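Biologist: I'm new to reading models like this one. Could you walk me through it, feature by feature?

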Amino acid sequence: SAAAAAGKTVVIGLAADSGCGKSTFVRRLTSVLGGGAEPPSGGNPDSNTLVGSTATVICLDDYHSLDRAARKARGLTALDPRANDFDLMYEQVRAIKEGRAVDKPVYNHVTGLLDPPERIAPPKILVIEGLHPMYDERVRDLLDFSIYLDISEEVKFAWKIQRDMAERGHSLESIKASIDARKPDFDAYIDPQKQYADAVIEVLPTQLIPNDEEGKVLRVRLIMKEGVRHFAPVYLFDEGSVVTWIPCGRKLSCSYPGIKFAYGFGTYFGHEVSVLEMDGQFDKLDELIYVETHLSNLSTKFYGEVAQQMLKHADLPGSSNGTGLFQTIVGLKVRDLYEQIAAERADVTTDPLRV
Ligand code: ADP
Ligand code: G6P
């Protein structure tokens, strides 16, 4: 948008329900962007912010207007817009975009209370991650690029079980109950934001195993809007064609159930999109270079950069499947978008014809 182009800081929105991979995505993104990502030094130890020399990541939970007790008393979830201060969110994201530092509130996830504000200086790239980066039209208009992580119910359930049952000792029933309790607000306030996203990573159960119950093998779709400034969608083999590709064979090891890629185009909430899909998982990450070679418009800076990033973060969830691959690719597209915007600005300030 025109407003987005006029800003100083490039602003990226990352939306998803909680427990759906935002922090994992942020780690891959900041790694691709370079310049580090650390909690602000000497500040609140429970700060949700990450600061690097290229990007600052803020968590929109910091704009909760009601703390945990107040939400409970009023019977509202954190997903409910009435529990969040969109006026302040808008004001502060706009200020940062215009190059001004702000004193942002801090929501303490440990205590459930609002802590004293922390100072946020304008970075080159501001990532706003959370439940509602595309909910408020004013905030949405400040975004140069937006991403939605769309985790299907089955997969969300499988991830929650894995984490809350294995690591936190919750029961299956209580996990199901907590997902069900959030669902109406998720459907009303979080899910609709995907229609505004420039890129959606959709995570579904595999189609390679009939009636898969385990939820370990995933079918992941990268949905990319056409016609977005500074964003050239990635493609497989030939742009604008329809392709399915099974890379398993002499050059790529695949154990059961194998890997299947697909590429094509279509519409998504009335927008033209292209879609890259990967079902299955990699056996050996160092063979990923073979897949990378067949993808185009990756915005890599050198041959094998995708594979290198995936290997570097092999310990993060999703590294052997399409979630990690597509998060890495979207990270590269964000870096490219930033560099294009920065180059345009440099042109404007040095072009004598425009002075
Ligand atoms: P958020 O920041 O949205 O709460 P996280 O990135 O912290 O989400 O991920 C929450 C949990 O979900 C992880 O600890 C992991 O158990 C699971 N998870 C996230 N992404 C994946 C993935 N791609 N594959 C498998 N599990 C995942
Ligand atoms: C979501 C929000 C968090 C909130 C959590 C639990 O995950 O992102 O900010 O803390 O819900 O909400 P509760 O109202 O139970 O504290």
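This is a predicted model: local features need pLDDT of at least 70, side-chain atom pairs count only at pLDDT 80 or more; totals for chains, interfaces and linings use all residues.

Modeller: Residues are numbered from 1 along each chain as its sequence is written, chains are lettered from A and ligands numbered from 1 in the order in which they are written, and side-chain values use heavy atoms, leaving out hydrogens and water.

Biologist: How do I read a disulfide, and which cysteines does it join here?

Modeller: In general, it's a covalent bond between the sulfur atoms of two cysteines. The cut-off used is a pair of cysteine sulfur atoms within 2.5 Å. Here the partners are Cys248 and Cys254, with 2.1 Å from S to S. The link of Cys248 and Cys254 is left-handed, with -80° about the S-S bond.

Biologist: What about Cys20, and where is its nearest cysteine sulfur?

Modeller: Cys20 is in no disulfide; the nearest cysteine sulfur belongs to Cys59, 14 Å away. Cys20 is buried, at 3% relative accessible area. Cys59 is in no disulfide either, its nearest cysteine sulfur being that of Cys20 at 14 Å. Cys59 counts as buried because its relative accessibility is 7%.

**The two ligands**

Biologist: On to the ligands. Which residues are closest to ligand 1?

Modeller: A residue is near a molecule if one of its heavy atoms lies within 4 Å of it. By that rule 14 residues surround ligand 1, and the closest are Gly19, Lys22, Ser23, Thr24 and Thr323. For polar contacts, look for a pair of N or O atoms within 3.5 Å. Thr24 has a polar side-chain atom 2.6 Å from an oxygen atom of ligand 1. On the nitrogen side, a side-chain N or O atom of Thr323 is 2.8 Å from a nitrogen atom of ligand 1. The protein buries 82% of the 560 Å² that ligand 1 exposes when taken alone; such areas come from the Shrake-Rupley method with a 1.4 Å probe.

Biologist: And which residues are around ligand 2?

Modeller: The residues there include Ser18, His64, Arg71, Tyr107 and His109. By class, the shell around ligand 2 has 3 nonpolar, 3 polar and 4 charged residues. Polar side-chain atoms come up to oxygen atoms of ligand 2 at 2.9 Å from Arg68, 3.0 Å from Asp61 and 3.4 Å from Arg182. Taken alone, ligand 2 exposes 380 Å², and the protein buries 71% of that.

**The domains**

Biologist: Last one: how is the protein chain divided into domains?

Modeller: Domain bounds come from an automatic or database domain assignment. Here the assignment gives domain 1 (1-149) and domain 2 (198-341). Their centres, taken over C-alpha atoms, are 27 Å apart. Where they meet (contact means heavy atoms within 4.5 Å), domain 1 puts in 20 residues and domain 2 puts in 26 residues.

Notes:
A polar contact is a pair of N or O atoms within 3.5 Å; within protein, one must be able to donate a hydrogen and the other to accept it, and residues adjacent in sequence count only if both atoms are side-chain atoms. Ala, Val, Leu, Ile, Met, Phe, Trp, Tyr, Cys and Pro count as nonpolar, Asp, Glu, Lys and Arg as charged, and the others, Gly among them, as polar. Buried means under 20% relative accessible area, exposed over 50%, partly exposed in between (1.4 Å probe, protein chains only).
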